[in-house]
Amino acid sequence: MVIIIGAGPIGLAVAIELKKKGIESRIIERGTLVNSIFHYPVNMTFFSTSDKLEIGEIPFISHGSKPTRHEALEYYRRAAEHYQLKIHLYEDVIKVDGDDGDFEVHTDKNSYTAKKVILATGFYGQENRMNIPGEELSKVTHYYDDPHRYTWQNIVIVGGGNSAADAALETWRCQANVTLVIRYPSLKPSIKYWVKPDIDNRIKEGSINAYFESELTEIRKSEVDIQTPDGLVTIPNDFVLAMTGYHPHFGLMQKLGIQLTEDEKKMPVFDPESLETNRRGLYVAGVVCGGMDTSSLFIENTRVHANQIAEHIEKSNS
Ligand SMILES: Cc1cc2nc3c(=O)[nH]c(=O)nc-3n(C[C@H](O)[C@H](O)[C@H](O)COP(=O)(O)OP(=O)(O)OC[C@H]3O[C@@H](n4cnc5c(N)ncnc54)[C@H](O)[C@@H]3O)c2cc1C
């Protein structure tokens, strides 16, 4: 038995590839199926075409040129059903005892024995906090969902990446009064090429306010402070969307005995061929492999981990 921690696209892909080789697995997921995608903005469209998101050779047909969140939820649900994967939802993995061939995986509900363990926990569950006064107020979120929530409200969006640009444009089109607060002199160069002119023009014409080289310094019930190059600015505020990114659960990785690189990326140490970590029999898969570098690994370029891991486990069984 192999235990896979996380029922994201890559956890599912690993379970499918193992199944094809006749190796039994069980996925433990702390939220719902493909929990990260479930928590993406409701109107979100993937930047990848659907063929790049396919797992287990199941065709993913989408209505537009790029699939939507809703289509992806249905696709991964059907893929899991088709392969009859064993998945435990709403169960949080807390620690893993034992050694290669004889692991014991402890969750908040149960314990399971496993010969091998795969960590496919992504990064979307842990937000990068701003660590400023007022961040704990209920009007502050790190997970933007639906623009309609912000109609006729004064909102501040923190960040200069794709998530911030998408949220700014969507909420502005729902008649929110939008102010962007960006730490750098410009938006990130990684902004999707079809979004860039839209956001640039909305800022240029003054429809969306933007403070560059600026930081939010305090959030209060009905206003916020922004430190700008021209001094401290206070503006009225109803909601703050902190699009400041996410990071893998380093605490869990360390608890599991996975070594992390000492540079700012804090990547788990693993063999690039097999994805096995320094703890024998324990593998990493999917975007968790990138550590703090959350913008270079996707479903597109990590779904191949499933074959690599399944092949290595098959070999080590024979
Ligand atoms: C807005 C947005 C748009 C994106 N668009 C694209 C795109 O177009 N193309 C593309 O290729 N990629 C895209 N990505 C990236 C990609 O969707 C995600 O990185 C992808 O979900 C990664 O898959 P994963 O299986 O590695 O991790 P995840 O999908 O994050 O799955 C990890 C799972 O592990 C679970 N988990 C975590 N900790 C525990 C625990 N202790 N116990 C049990 N379960 C746990 C989580 O709940 C989660 O369900 C996008 C990301 C974002 C945020």
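Which residues does Val-287 touch, not counting residues up to four places away in sequence? Val-287 touches Gly-122, Phe-123, Leu-297, Phe-298 and Thr-302, where contact means heavy atoms within 4.5 Å. This is a predicted model: local features need pLDDT of at least 70, side-chain atom pairs count only at pLDDT 80 or more, and totals for chains, interfaces and linings use all residues. Residues are numbered from 1 along each chain as its sequence is written, and side-chain values use heavy atoms, with hydrogens and water left out.

**Val-287**

- Val-287 sits in the loop between β16 (282–284) and α7 (299–302). Helices (H or I, at least four residues) and strands (E, at least two) are DSSP runs, numbered from the N terminus.
- Val-287 is buried, with a relative accessible area of 19%. Buried means under 20% relative accessible area, exposed over 50%, and partly exposed in between (1.4 Å probe, protein chains only).
- From Val-287 to Gly-22 the separation is 265 residues in sequence and 26 Å in space, C-alpha to C-alpha.

**Aromatic pairs**

- A pair of aromatic rings is described by the distance of the centres and the angle of the planes.
- Rings of Phe, Tyr and Trp (its six-membered ring) pair if their centres lie within 6.5 Å. Planes under 30 degrees apart count as stacked, over 60 as edge-to-face and the rest as tilted.
- The count by this rule is 11 aromatic pairs.
- One of them joins Tyr-143 and Tyr-246, a tilted pair with 5.3 Å centre to centre and 35° between the planes.
- Tyr-143 lies in the loop between β8 (140–141) and β9 (154–158), and Tyr-246 in the loop between β15 (239–242) and α6 (250–255), so this pair ties together parts that are 103 residues apart in sequence.
- Tyr-143 is partly exposed at 25% relative accessibility, whereas Tyr-246 is buried, with a relative accessible area of 11%.
- Tyr-150 and Phe-239 have ring centres 5.1 Å apart and planes at 85°, so they make an edge-to-face pair.
- That pair also links distant parts of the chain: Tyr-150 is in the loop between β8 and β9, Phe-239 is in strand β15, and they are 89 residues apart.
- Tyr-150 counts as buried at 3% relative accessibility; Phe-239 counts as partly exposed at 23%.
- One aromatic cluster is formed by Tyr-40, Phe-46, Tyr-124, Tyr-143 and Tyr-246.

**Helix packing: α4 and α5**

- Two packed helices are described by the angle between their axes and the distance between the axes.
- Helix α4 (residues 162–173) packs with helix α5 (residues 196–204) at an angle of about 60°, with their axes 10 Å apart. Axes are lines fitted to C-alpha atoms, for helices over the stretch in contact, and angles run from 0 to 180 degrees between N-to-C directions.
- α4 and α5 are therefore oblique to each other. Angles under 35 degrees count as roughly parallel, over 145 as roughly antiparallel, 65 to 115 as roughly perpendicular and the rest as oblique.
- Ala-165, Ala-168, Leu-169, Trp-172 and Arg-173 of α4 make the contact with Asp-198, Ile-199 and Arg-202 of α5.

- Most residues other than glycine have a negative phi.
- Lys-266 has a positive phi, near 50°. Lys-266 lies in the loop between α6 and β16 and is partly exposed, with a relative accessible area of 34%.
- Lys-266 also lies over the face of Phe-250, at 4.4 Å from the ring centre. A charge sits over a ring if NZ of Lys or CZ of Arg is within 6 Å of the ring centre and within 35 degrees of the ring normal.
- Gln-175 has a positive phi near 65°, in the loop between α4 and β10 (177–181).
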